Amino acid sequence: MKLNLPNKLTLIRCVLVPVFLAVLIIPKSTLVACIGSAAIFAIASYTDMLDGKIARRDNLITNFGKFMDPLADKLLVFGALLGILCRFENIRPVFVWCAFIVIFRELAVTSMRLVVSGSSGKVIAAKMIGKIKTVIQIAAVLVCLLEPIALELIESYNVPYASYVFMVLMALITLISGIDYIRDYWEFINPNE
């Protein structure tokens, strides 16, 4: 099977997920774990933007890409959320709820897309609110990965305020985005019909 460039980038993103998790979880050094995993996550996130842009520009959209791209996105986000939950005990009580909201929304919208596509043949395109959600999720993950360095290096800096702010933003925009998608396509999942 010959893969085009966007599909190769998508597969690279999938391969980077276990590498990201290993770099985040294995090292004892917070500095190594945080900087290394943040760099890998940033590169993987960039491939998400790049593969879609190239596929649209060069008319390289394939069924493989339509299937693998959203799957790779979910693997990356879920992997990052689980890795952060595993590595950082100090934010775990709040982060677990944010992770639950993100995972629930992603699974709900993905399921809804399948129902809408199966019953009407419509493909639910990404909306601007979904793109904003993705950017905020990426920013929240990067903040949660990098702030522990400041907590370790700056003696007077002992509460992860930035992580908490970005966690709340991530949870809110994820909820708003999910509600927006469900509202627009409720007719396909309405239990009364």
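Asp 184 and Arg 183 form a salt bridge in which the closest N and O atoms are 3.5 Å apart, a salt bridge being a side-chain nitrogen of Lys or Arg within 4 Å of a carboxyl oxygen of Asp or Glu. Asp 184 is partly exposed, with a relative accessible area of 34%, whereas Arg 183 is exposed at 56%; here buried means under 20% relative accessible area, exposed over 50%, and partly exposed in between, with a 1.4 Å probe and protein chains only.

This is a predicted model, in which local features need pLDDT of at least 70 and side-chain atom pairs count only at pLDDT 80 or more, while totals for chains, interfaces and linings use all residues. Residues are numbered from 1 along each chain as its sequence is written, and side-chain values use heavy atoms, with hydrogens and water left out.

**Salt bridges**

Side chains of opposite charge can pair when their charged atoms come close. The structure holds 12 salt bridges, and three of them are set out here.

| Pair | Closest N to O distance |
|---|---|
| Asp 69 and Arg 13 | 2.5 Å |
| Asp 184 and Arg 183 | 3.5 Å |

The pair of Asp 69 and Arg 13 links distant parts of the chain, since Asp 69 lies in helix α3 (residues 63–87) and Arg 13 in helix α1 (residues 5–25), 56 residues apart. Arg 13 counts as buried, at 0% relative accessibility, while Asp 69 counts as partly exposed at 21%. Both residues belong to a network of salt bridges that also links Asp 48, Asp 51 and Asp 73.

**The chain as a whole**

The protein chain has 7 helices and 0 strands, where helices (H or I, at least four residues) and strands (E, at least two) are DSSP runs numbered from the N terminus. The C-alpha atoms fill a box of roughly 60 × 45 × 25 Å along the principal axes, and buried residues make up 41% of the 193 residues.

**Pocket and cavity**

On a 1 Å grid over the protein atoms alone, a cavity is a set of points where a 1.4 Å probe fits but cannot get out, and a pocket is an open set with protein on both sides within 12 Å along at least five of seven lines; lining residues have an atom within 4 Å of a point. The largest pocket holds about 1,700 Å³ of space and is lined by 47 residues, of which Asp 69, Pro 70, Asp 73, Arg 113 and Ala 126 lie nearest its centre. Helices α1, α2 (30–57), α3, α4 (92–120) and α5 each give two or more residues to this lining.

A search of the whole structure finds 1 cavity of 30 Å³ or more, and the largest cavity has about 40 Å³ of space. Residues including Phe 88, Cys 144, Glu 147 and Leu 151 line the largest cavity, and helix α5 (residues 128–153) gives the largest share of that lining, 4 residues.

How values were computed
Grid points are joined across faces, edges and corners, and a volume is the space filled by probe spheres set on the points.
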